[in-house]
Structures are given as structure tokens and as C-alpha cells.
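I opened this model to go through its ring pairs, its sheets and the confidence of the prediction. My entries follow in the order in which I looked things up.

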Amino acid sequence: MKTGIRRARRTVIFTVITVIAIVGLFALNMWLKYIGVERTVYADMTPEGLYSLSDGMVKQCSFIDELPDDGNTLKITFCTDPDYLVKDTRLRSVYFMALKLRNLFPRLEVVTVNVQNDPTSVAAYRTTTLTQIESDDVIISYGTHYRITSVDSYWVKASSSSTSGNQYFSFNGEYRLASLLMSVTSVKQPGAYFVTGHGEKIYDPENPTSADSVDMAYFYDLIRERGMTPHVLNLSEVDKIPDDCTMLIINDPKTDFSADSSRLDEFGYVSDTEK
């Protein structure tokens, strides 16, 4: 009788211990997931230090600590869930690089959103109704300045004649990310100017639904992604090309660039062509 009672007690004790162990393991797993994913803490376990930052990258990004305390946040937004970022080879390298940078520079924020489940989470970054933001895009933002980049832009394709034209990828993420971070935080963005007044097809930021703007929307987004701010420029209304002009776009003019014959004798007159 006593033996049976002792056996029953042991069974109860072992059952309780088993339940506690299972609950403890589950809690530990959830805690590790929280630390690893929610708090973005990762360790580089690769022998070659694949996810480590070079000294050059750290030096180039040291300006982050010197950003003015104006309420703006320097942010890297990934457009899908952390689990998918870790599984995808292309995204993983960029994601881990961003996390490493964030650990070095606390003023940099790294966030993830799911654009498939919640398209409104990136609504602020849609410059036009045609702007498509995909789950493998990376958004770099600071205040009202931002750049939408595809993960493929962090990789470089190279071909080798010895492999009959097969293409390989090399990672160029550090240069790409550092350039983007500096671009969105610069006080003055370089300008790309669409020349108008001669029948050119342009993208007009003030009229994004016009037929020409719709046709040029992809090119407009491409210019913004490259770190430039697009403008419209009528040469007859300015004395010279703006100093911040990095790219002057003359897209299929229908009429000649001509001088105003009535002003040729005017001192200081400069024709559109001379400008």
C-alpha cells in the first residue's frame, strides 16, 4: 500500500518537473526570440566575419553621431518580417549590416514592416500613386528625405569569360548604404532639373497625375533613389542654371532653343542655349 503511494507521488513529482521543464524551455525560446529579433541582437558566427563591418564603413558613418538634435530620426526600414529577412540570402547580408551599424550608432534606427499585410505602413514613402514598394525593398529615411532601394542594388553582377557568361554576385552593400545614409542626411540635396518650355516630356511634381508625369514616374523614382531631388526648370525664367544642378534633363524637345531677338542688344542678356 505504502509502496503504491510512494510510486504515485514520484509519478506526480516527475510529471510536475516535466511540465515545468517544458514551460521553462518554451519561455527561454520566446526570450531568445525577443532578444534576437525584437531587440535586433545578433552575433557574427561566421569564420570569415561575413557580417562584420569594415573599418572604412565605420569611419564613413561616423557622421551619424554628429547629426543635429532636431527631432529627425535616421532610419533604415525593411519591408518584410525579420524571419524572412534572415532566410533570404540577399536580404540577410543587408539586414545584418544594418543591425551591426545600429549597434555602433544608437541614433540610427532599424525597423521592419510587412508591406504585404499592411501596405499603409509605407504610405509616407509613396511619391506617386504608381510607386510600388516591394517586400525586398529597403527604405533609408531622415525627416522628409528618403530613398527607396531594391535589395539587388546592394549587389553587383559580374560575368566571367571562363564561365561562358555565367553571372555571379558580389556584395557592395557597405558603399551603397553609406552613400544613401549620407545622401538623406545632407542639408542640401543635389538637384535633377527637367527642362521645359520647348515641348519636352517632363515629370511635374506639382502635377503627378498628368499624362507625361505618369509616363515619367519610373524615371522620377529612379532619380530620387539615386539621391537627387527632381525639379522643373524653364530656362527663360532664370538667369543661370541653378548651382545645385547635378543633372539637366532635356527630354525630346519639340521646338528649337532660340534667342529672343528683341533682347539681343540688351546688356547682360543670355539666351537659353548659352545658359
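**Entry 1: a pair of phenylalanines.** I began with F219, which is partly exposed at 29% relative accessibility. The scale I used calls a residue buried under 20% relative accessible area, exposed over 50% and partly exposed in between, with a 1.4 Å probe and protein chains only. F194 is buried, at 0% relative accessibility. F194 and F219 form an edge-to-face aromatic pair, with 6.1 Å from centre to centre and 85 degrees between the planes. F194 belongs to strand 7 (residues 191–196) and F219 to helix 7 (residues 217–225), so the pair ties together parts 25 residues apart in sequence. I counted rings of Phe, Tyr and Trp (its six-membered ring) as a pair if their centres lie within 6.5 Å; planes under 30 degrees apart are stacked, over 60 edge-to-face, and the rest tilted. Helices (H or I, at least four residues) and strands (E, at least two) are DSSP runs, numbered from the N terminus.

**Entry 2: ground rules.** I noted that this is a predicted model, that local features need pLDDT of at least 70 and side-chain atom pairs pLDDT 80 or more, while totals for chains, interfaces and linings use all residues. Residues are numbered from 1 along each chain as its sequence is written, and side-chain values use heavy atoms, with hydrogens and water left out.

**Entry 3: the chain as a whole.** I found seven helices and nine strands in the chain. Of its 275 residues, 34% are buried. The chain exposes about 17000 Å², and carbon and sulfur atoms supply 55% of that area; accessible areas come from the Shrake-Rupley method with a 1.4 Å probe, and for residues only the protein chains shown count as cover. I then looked at contacts (heavy atoms within 4.5 Å). Among those between residues at least 6 apart in sequence, 65% join residues at least 24 apart.

Entry 4: Strands 7 and 8 run parallel and are joined by six bridges, and V195 has L233 in strand 8 as its bridge partner. I took two strands as paired if DSSP finds at least two bridges between them.

Entry 5: I found a second open sheet, with the order 2-1-3-4 and mixed pairing. Its edge strands are strand 2 and strand 4, each of which pairs on one side only. The average twist here is 15 degrees from one strand to the next. Helix 4 (residues 89–104) packs on this sheet and touches strand 1, strand 2 and strand 3; its direction makes about 145 degrees with that of strand 2.

**Entry 6: strand 1.** Why is strand 1 (residues 74–78) described as largely enclosed? Four of its five residues are buried, so the rest of the structure largely encloses it. Strand 1 pairs with strand 2 (residues 108–112) in the parallel sense over five bridges, and F78 has T112 as its partner there. The pairing of strand 1 with strand 3 (residues 137–142) is antiparallel, over five bridges. On that side L74 is partnered by Y142, and I76 stands opposite I140.

**Entry 7: other rings.** I counted six aromatic pairs in the structure. The ring centres of Y125 and Y146 are 5.2 Å apart and the planes are at 70 degrees, so this pair is edge-to-face. Y125 sits in the loop between strand 2 and strand 3, and Y146 in strand 4 (residues 145–150), 21 residues apart. Y125 is buried at 13% relative accessible area, as is Y146 at 10%. Ring pairs also link F78, Y95 and F96 into a cluster.

**Entry 8: confidence.** I checked pLDDT, the predictor's confidence in each residue from 0 to 100. The chain averages 79, and 76% of the residues score at least 70. Over residues 37–49 the pLDDT is below 50, and this stretch has 24 contacts in the model beyond near neighbours in sequence. Residues 161–166 are also below 50, with six such contacts. Where pLDDT is low, the predicted coordinates should not be read in detail.

Key:
Axes are lines fitted to C-alpha atoms, for helices over the stretch in contact, and angles run from 0 to 180 degrees between N-to-C directions.
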